[in-house]
Amino acid sequence: MSEIKIAVMGAAGRMGRELVRTIAATEGCRIAGGTEPASSKFVGHDIGTLAGLGELGIKVSSDPLEVIANCDAILDFTVPAATVEFAGLAANARIVHVIGTTGLEERHEAAIAAAARHATIVKSGNMSLGVNLLVALTRRVAAALDADFDIEVMEMHHRHKVDAPSGTALMLGEAAAIGRKVELKDKRVSTRDGQTGARRRGDIGFATLRGGNVVGEHTVIFAADGERIELSHKATDRGIFARGAVKAAQWGRGKGPGIFSMSDVLGI
């Protein structure tokens, strides 16, 4: 099969630059372009120079339609409104759309689902192998333990992260809910402040920490009287997410329309 042409949406951001470097380093992949909002000071800059690769002769564009028309896949770790726009364009172009954007609400999810009737969408709150194994383990442990074990999901990220809980934390909470055969929306407790009363049996709690330059740390705690089980993952390099995203783009090529997860990509 010929090399896959991949574009990066939000190419000037920290994750965008990491994605560009990973595409360039991956055999069988070629950087096809990148975008930034029209207001960005990086529009018109060389995408390779921004990523520390030297000039590649590819300029950052403010026109996602033009970029998407000339690639096989897009990698998108941007913001919900932009992701919805890109999903529609990817659907029209019948290409692969890899979504790592977090903070998506129900209306965003609905628009993405509509786009998946024509686009191949791989969507995950976290693209790393280790986290997706943690999700699978969380589901199995939650299924094996009854509600005598309280479930808490704790996460920490860098000071610049704008959404909470993280997309990964919500993935883990959803996995725990599936294991318990309950709906996360019915059991989720995201904040505790003041006189909250005793913890309700069966709740799935979330704790959010922010500070420094932490890439991402997640722990799922199963706590009962006299014992506690903790499942943890710590990310120290954004490269793990970029490698997963590129792998997802390669996997999705030729798959046809639909919404897929990293579990599908990894076969777990």
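Let's start with Thr120, which stands opposite Gly258 in strand β11. β11 covers residues 258–260, and its pairing with β5 is parallel, over three bridges. Strands count as paired here if DSSP finds at least two bridges between them. Helices (H or I, at least four residues) and strands (E, at least two) are DSSP runs, numbered from the N terminus.

A word on what you're looking at: this is a predicted model, where local features need pLDDT of at least 70, side-chain atom pairs count only at pLDDT 80 or more, and totals for chains, interfaces and linings use all residues. Residues are numbered from 1 along each chain as its sequence is written, and side-chain values use heavy atoms, leaving out hydrogens and water.

Back to Thr120: Val96 also stands opposite this residue of β5. Val96 brings us to β4, residues 96–99, which runs parallel to β5, residues 120–123, with four bridges joining them.

Now, a helix pair. Which residues of α1 meet α9? They are Met15, Glu18, Leu19, Thr22 and Ile23, and they meet Gly239, Phe241, Ala242, Arg243, Ala245 and Val246 in α9, contact meaning heavy atoms within 4.5 Å. The residues of this contact divide into seven nonpolar, two polar and two charged (Ala, Val, Leu, Ile, Met, Phe, Trp, Tyr, Cys and Pro are nonpolar; Asp, Glu, Lys and Arg charged; the others, Gly among them, polar). Thanks, everyone!
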